[in-house]
Amino acid sequence: MIDPVRAVAAVVRRTGAVPATARLVVAGALVVAVLATALPGWNVPDVGLLVAVVAGVIWAGAPDSGAGLVCVVVLALCWLTSAPGGLTPGAVVTALALLVAHVAAALAAAMPLTASADRAVALRWARPTASIAAVVIAAAGLLAVLDAWSPPGSVVITLGALALVATGAWRWSPDDTTS
Amino acid sequence: MNAAGDIGAPLGQWRPTAAHVRAVVMAVACFTGAVVWRRADLAILGVPFAGLAAWGAAHRPRRAVVATLDVEARTMFEGQASPARVTVTTAGDQGAPVDADIVAGALATGAWLVPDPTSAARAVLVEDGRAEVVVTLQAVRWGRHEVGLDTVACTSRLGAYRSVGVRTMPVLITTMPQSAEFDAADAMPRPGGLVGLHQSRRLGSGSEPAEVRPFRPGDRLRRINWSVSSRTGELHVTSTWADRDAHVLLLLDSEYDVGLSDGIAGRASSLDVAVRAAAALGEHYLRAGDRVALADLGRRVRDVPAGSGGRHLRRLLEVLVSAEPGVDHRADAVRARPITGGALVIALTPLIGRSTLDHVAHLALHGHSVVVVDTRPTDAGAGSGDSIDTAGRDAWAAPLAVRLRAMERAAEIDRLGELGVPVVAWRGRGTLDEVLRGVSRMGGTPHPGGRRS
């Protein structure tokens, strides 16, 4: 019978630097996201944070699992139910942390835990991630300006616009992949 | 099993990953919530996921991919290494760029192929539409070893889509035994052929001077020793010892494998020693122009009839790689084998089974020059206790059983000595020098068997 401790030790010994680092980045980014959600003055439900932390631990260990979706959805619900609603620095930090966690998890899921990889592989998605982070910051700035300006709006028109965008994205998306 | 061609395995369809599903769900949920509840913070939380979903969808792969495994050297010697390449190309059009961004490949190897990296898994970037995962494999023990694709995963931009392939038919790598260091002085007991490098005890055509004697009809003119002839006034010739070749039978005992094997750099089991020694002996005697045959007492290796030359050495090595321990295929131990009279029989055995001893004694009694090379590893325990199964028995009995077996073994070796069969441990270079000289001396004496074939 295989000794489980030895089996785990063997896996740890053979763990690749890049997949391990990616998992650590996932864990670190989730810590930042949870702290940015919990530290402001509003009252975040402990159960939500607990579920997010547990799901985050599982996500860091198994980056291709559904735990990642649970974790980010629970964090979004914490914001929805507890935060006052305005644009805050905490929301921007949380968004950036979730972005980093998502990309690091996607990278970790792209290779086995024991895979050897060059640094170039680890940095492959750094540029698109930085671009999206810039978009997040720009969107936050735009939202802050709109918040200060406070133009009149309509929920119906906004939902219609979103539906139009979704339809366009679906219409012009690539065809089904060939096998 | 694939022994010749490359392995081309189509990978599965491109499917959205958990990451892409997460990005799409979060983007839709956050933006919907932001609009419905007029929440700017939810909109900000949704922006990165919307960007990730859009970026991933924009680089959605369309073409299916194929992974091909190729090992540069399908035949190696122990200790040699060869790169194994997993090449990912587009299905149907190998020139088309691969739609992936990162390719990860993991190989499935046996214990005797040591990969570098040790996990046999590597992730690489797709450069110029091509991806090649290279894992170096070092063969550390003789035999036939398999290597196959364990997993190949191609991932598109930002991890949105993935195409995965799993196990395929393995590639067979033949690892030949590394010849142990061996050399022997020219002390072949009874060389009998007409070519070769061994000095015969008969006069004839050769290079080693034997004597200067008066010229006789039939002597070649180029043998005339002019200085002696002019001094004596009578024609004299320089005669030489004939150069002869010999028939060497390597008798491999693969019935038992005693001791542990760690490959080329570690401990060697009895079968390791036997196979490497057989390779070394075969190489040595074939280089000396002798005819070498191989027979296996364990019947796991097919017999190789006597032959000579470099191609025969290759044939011997290719047969040796299939040696495996096992008693189930054992043939009649004293089955008469067609051995040329006067052949030198070198038995490579750990001297465990009685039938092996019977076979060796049988050959000696039939007039063959037999030498036993004891292949039992020195770290296998005193007295061949390895062959004693102590499981389920009283613990106090084990040392006693080991001692009894050691005494039995010593008696068996003495019995072989009485038959004129020397037993030597394998030490590499010079292992057989002394015993072959002894066997050569015995070649002209009456034999206990009373008959020389």
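This is a predicted model: local features need pLDDT of at least 70, side-chain atom pairs count only at pLDDT 80 or more; totals for chains, interfaces and linings use all residues.
**An enclosed space**

Let's start with empty space inside the protein. Rolling a probe the size of a water molecule over the atoms shows where empty space is left. Here the count comes to two cavities of 30 Å³ or more.

Which residues line the second largest cavity? Chain A contributes His102(A) to the lining, while from chain B come Ala19(B), His20(B), Ala23(B), Leu52(B), Gly56(B), Leu158(B) and Ala160(B). Two elements of chain B, helix 1 (18–36) and helix 2 (40–58), each give two or more residues to this lining. Helix 1 of chain B gives the most, with three residues.

| Class | Residues in the lining |
|---|---|
| Nonpolar | five |
| Polar | three |
| Charged | none |

**A buried arginine**

Is Arg213(B) buried or exposed? Its relative accessible area is 13%, and the cut-off for buried is under 20%, so Arg213(B) counts as buried.

What does the side chain of Arg213(B) meet there? A polar contact of 2.8 Å joins it to the side chain of Asp219(B). If you leave aside neighbours within four places in sequence, Arg213(B) is in contact with Asp219(B), His236(B), Val237(B) and Ser239(B).

Key
Residues are numbered from 1 along each chain as its sequence is written. Chains are lettered from A and ligands numbered from 1 in the order in which they are written. Side-chain values use heavy atoms; hydrogens and water are left out. On a 1 Å grid over the protein atoms alone, a cavity is a set of points where a 1.4 Å probe fits but cannot get out, and a pocket is an open set with protein on both sides within 12 Å along at least five of seven lines; lining residues have an atom within 4 Å of a point. Grid points are joined across faces, edges and corners, and a volume is the space filled by probe spheres set on the points. Helices (H or I, at least four residues) and strands (E, at least two) are DSSP runs, numbered from the N terminus. Ala, Val, Leu, Ile, Met, Phe, Trp, Tyr, Cys and Pro count as nonpolar, Asp, Glu, Lys and Arg as charged, and the others, Gly among them, as polar. Buried means under 20% relative accessible area, exposed over 50%, partly exposed in between (1.4 Å probe, protein chains only). A polar contact is a pair of N or O atoms within 3.5 Å; within protein, one must be able to donate a hydrogen and the other to accept it, and residues adjacent in sequence count only if both atoms are side-chain atoms. Contact means heavy atoms within 4.5 Å.
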